[in-house]
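Subject: Structure handover, aromatic rings

Hello,

Please find the structure below. My notes on its aromatic rings follow.

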Amino acid sequence: MPEFDYLVIDGSGREKRGLVRAESLTDARAALAAKKMFVVRIAEGRGAASAAAGEGKGRRPRSGRSLLSFERNRLSSKELTLFTRQLSTLAQVSPLEEALRTITRQSERQHVRDIVARVHGGVVEGRSLAEAMNAESRSFPGLYRAMIAAGERSGSLPALTDRLAILLERQSAMRSKMLTALAYPTVLAVFAVVVVMSLMIFVVPLVVEQFDTLGQQLPLLTRIVMGLSNFLASWWWALLLLLGALAFLGWRALRNESVRMSVDGWLLRTPFVGRLLRDLHAARMARTLSTMVESRLPVMEGLALTVPTIHNRVLRAATTDIVEAVRGGGSLSAAMRRSDVFPPLLVYLAASGESAGQLDLMLERAADYLEREFDGFTAAALAMLEPLIIVVMGGIVAIIILSILLPIMQLQNLTGAGV
């Protein structure tokens with residue numbers, strides 16, 4: 001019986017290589033599909049997969065790079081987005097091999113040129129684009145390669161790369177908006193803490209110690225501020241060690257799945273953060289599913305490939321349950337409704353799309369709406385957070401100044417009584 005080397009992606013999004021025996025190539029694909037595996041590459045003849053694996057294992061010794069440089073030899077999300085847009089544009093007017101060669105020449109960064117050149121070399125050797133990208137799996141995620149493979153099988157690679165570029169650009173825009181929303185209040189909060197600590201450690205002791213010779217009891221507020229100031233000046237290093245120890249213990253605790261699940265569930269129940277996480281996850285999933293359905297990629301396989309990219313354990317578990325429900329023959333909207341972690345609008349539009357046969361269009365509209373909601377929510381939250389930080393900082397500074405002024409006022413009263 002013939003043997004076929006295969007490269008597949010399982011339900012957890014992991015790559016697997018191996019050998020399967022079947023009467024024909026079609027039977028081999030069917031056998032792998034029955035095991036809920038997405039076939040990236042399958043070819044007749046023993047040893048191809050092991051040779052490819054051996055080639056991957058030998059890449060690091062040949063290059064002679066250090067571990068640090070090897071870890072950096074991958075495309076960032078921004079570089080992957082730019083590569084996809086360039087490939088989408090060039091693939092519409094030139095052959096794939098020429099498009100990859102042009103991108104290699106145009107890339108400004110050396111590691112980008114190296115990665116694209118290796119992909120180009122694989123295509124020149126006769127491999128498909130998805131197979132060539134598989135050798136650079138650290139730069140091209142499993143979902144990305146699966147969609148490229150679907151485009152090659154259907155003969156619509158230029159159109160699919162255009163949809164992929166739009167998807168990655170939308171995701172990049174969402175990340176940028178989130179970072180922008182968090183950057184300013186974070187910088188403002190850090191600056192406020194630095195100012196207050198500097199006042200407490202360096203300014204307050206120099207000013208208040210002038211009143212020690214009065215022979216009078218200082219006001220309560222002044223004594224409290226002086227006590228905090230002395231504590232911070234003497235034990236700031238201990239506070240830093242304590243914060244470092246707490247951060248380390250928290251990091252170790254989050255490596256436990258039960259603890260991580262509890263923390264992620266608490267985050268989702270937090271009034272503002274929970275809604276932000278749910279909307280981001282829902283918008284990203286809706287946009288990805290819309291692109292996959294439009295590209296004729298099976299929804300179940302696409303969902304399975306998105307599971308490893310979800311960091312929140314509760315949302316990951318809910319997505320895994322959706323995969324199993326769809327695999328068992330259920331509808332996507334019913335599985336989303338049972339998970340109870342997705343916005344009602346997304347569930348309603350998914351159900352409408354399924355009934356009307358326009359699931360990709362309805363999911364795209366849901367993603368557009370959720371992204372607009374995210375923009376409005378972050379703008380409102382930022383508008384509330386900025387003045388809140390300023391008010392809190394102003395209140396603390398006012399207390400420090402008042403603690404300094406109270407002894408001065410007391411000194412004036414004593415001088416007036418003596419006269």
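Helices here are DSSP runs of H or I with at least four residues, numbered from the N terminus. The model is predicted, so local features need pLDDT of at least 70 and side-chain atom pairs count only at pLDDT 80 or more, while totals for chains, interfaces and linings use all residues. Residues are numbered from 1 along each chain as its sequence is written, and side-chain values use heavy atoms, with hydrogens and water left out.

A pair of aromatic rings is described by the distance of the centres and the angle of the planes. Rings of Phe, Tyr and Trp (its six-membered ring) pair if their centres lie within 6.5 Å; planes under 30 degrees apart count as stacked, over 60 as edge-to-face and the rest as tilted.

There are four aromatic pairs in the structure. In one of them, the ring centres of Phe248 and Trp251 are 5.9 Å apart and the planes are at 40°, so this pair is tilted. Both residues lie in helix H10 (residues 220–254), and because they are three residues apart, about one helical turn separates them. Phe248 is partly exposed, at 45% relative accessible area, and Trp251 is partly exposed at 48%. (Buried means under 20%, exposed over 50%, partly exposed in between, with a 1.4 Å probe and protein chains only.)

Phe83, Phe140 and Tyr144 make up one aromatic cluster. Phe83 sits in helix H4 (residues 77–91) and is buried, with a relative accessible area of 2%. Beyond its neighbours within four places in sequence, Phe83 has contacts (heavy atoms within 4.5 Å) that include Leu100, Ile103 and Val116.

Regards

Conventions
Helix = DSSP H or I, 4+ residues; strand = E, 2+ residues; numbered from the N terminus.
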